[in-house]
Amino acid sequence: MERTKSQRKNVPMDLFDNDDDTISMDEVHVHKDVMLDQSLDALFEKRSSTREQALASIVDAFNNDLQHEFVENKFATLLHQCLHCTKKGSNKETSLASHAIGLLALTVGLGDQAQEILEESVTPLSQALKSAREATKITSILECLAVITFVGGTNDEQKERSMQIIWQMIHPKLGSNVVTTKPSPAVITTVVSSWAFLLTTVDQWTLGPKIWQEIVTYLSSLLEKDDRSVRIAAGEALAIIFELRTLEKFSAEAKGSVKEGSVSQEALIHMHGLKSKVTNQARDLSSEAVGKGSVKKDLKTQRNLFRDLVEFLERGYAPETSTKVGGDSLQTSTWHQMIQLNFLKHFFGVGFNKHMQENEFLHDVFNFTPKKIGRGWTLEKKSEKRLFKLPNSACNKARTQLLNMERMLAKNMNVGYYTATVEQ
């Protein structure tokens, strides 16, 4: 039974003030529950600073642990109070509330609640973007929209809707919104990275060759900007576009069709020219010298990224990465996997390792099973699963074969495996 607001406020906060030096795990759990209850109550307060402090506590709690029990009891209240904070709150309050909504979606994982978060949040977040002027507020909303769409978007129409809202913040030519102020490098970086993050999950995007030309041309122009984070984000987005093989798709259409609306030879030549230009730009950026005031860490990241991009554009080899997660290694072998991983690591921050080890949704996304789960933990198999992948890639076909082998071994050895169902 859920306690009333007054009962929650009267819970003593001196749970740890006792003469016994030993504190049980149950007491720690109760203390954390009480703190979350009180933080949720504080979101109803009129003072903005009180709500900000409460949101910071909620974000911290959701980052450091998976709050399944709290979400089970307080899901609707938490969602709607956070949305309320994005409508009329300060820049800091809106940023914290947006981050909390994203963490809520990542906690609930696939299902009706994630879809509810997306549908309830799109309109208020879009409206908040229209009136936002401060970079931190804008970037927080954009990242939230990307995350809740990544988790809750069940069809390409939902994903494309969010991608268009995001893209319009820097390139309104593709939509009706008008940007009256020049976006900062931080906003451009977040827009491009959020847009690319969602592009990794879209199976069939309806954009024609002309729109793709505009997108690639714009991203190519970003490679010439002074801000290194902008260049890195643009490079990752271009990598995803070329991994989607849109150029090859339009080439096939041009060769096999002369119908009205088909790809013209002129457009095809232009697309090939853009690819050559991007390849040359990537080669230059992969060997950029250290400049005055530049951050060496970002420079190394840039060099490695564009070196990998040149290798991919010229020879077709995507980069392979290995990320340490506790005592395990999380492997990626495609651009879309690497970009999904980088985006979620950035969003979680210090909470990434905890969630990567225990969050079943992330296990599903990256086809990752920590050793301690493989050694005896039992995971409840969900009826609804979605693999976050690019369709029909050789990597995913190979992974499907591997999963089929694992299922056969599991059947023969009576061992339960946690596997994902690949959508056809």
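A residue is called buried at under 20% relative accessible area, exposed at over 50%, and partly exposed in between, with a 1.4 Å probe and protein chains only.

**Figure 1. Overview of the protein chain.** This is a predicted model, in which local features need pLDDT of at least 70, side-chain atom pairs count only at pLDDT 80 or more, and totals for chains, interfaces and linings use all residues. Residues are numbered from 1 along each chain as its sequence is written, and side-chain values use heavy atoms, without hydrogens and water. Of the 424 residues in the protein chain, 49% are buried. The chain contains 19 helices and two strands; these are DSSP runs numbered from the N terminus, with helices (H or I) of at least four residues and strands (E) of at least two.

Figure 2. Strand 1 (residues 321-325) and strand 2 (residues 328-332) run antiparallel and are joined by five bridges; two strands pair if DSSP finds at least two bridges between them. Thr321 stands opposite Thr332 in strand 2. Two residues lie between the strands of this hairpin, and Gly326 in the turn has a positive phi of about 60°.

Figure 3. Because 15 of its 16 residues are buried, helix 11 is largely enclosed by the rest of the structure. Arg245, which follows helix 11, has a positive phi, near 60°.
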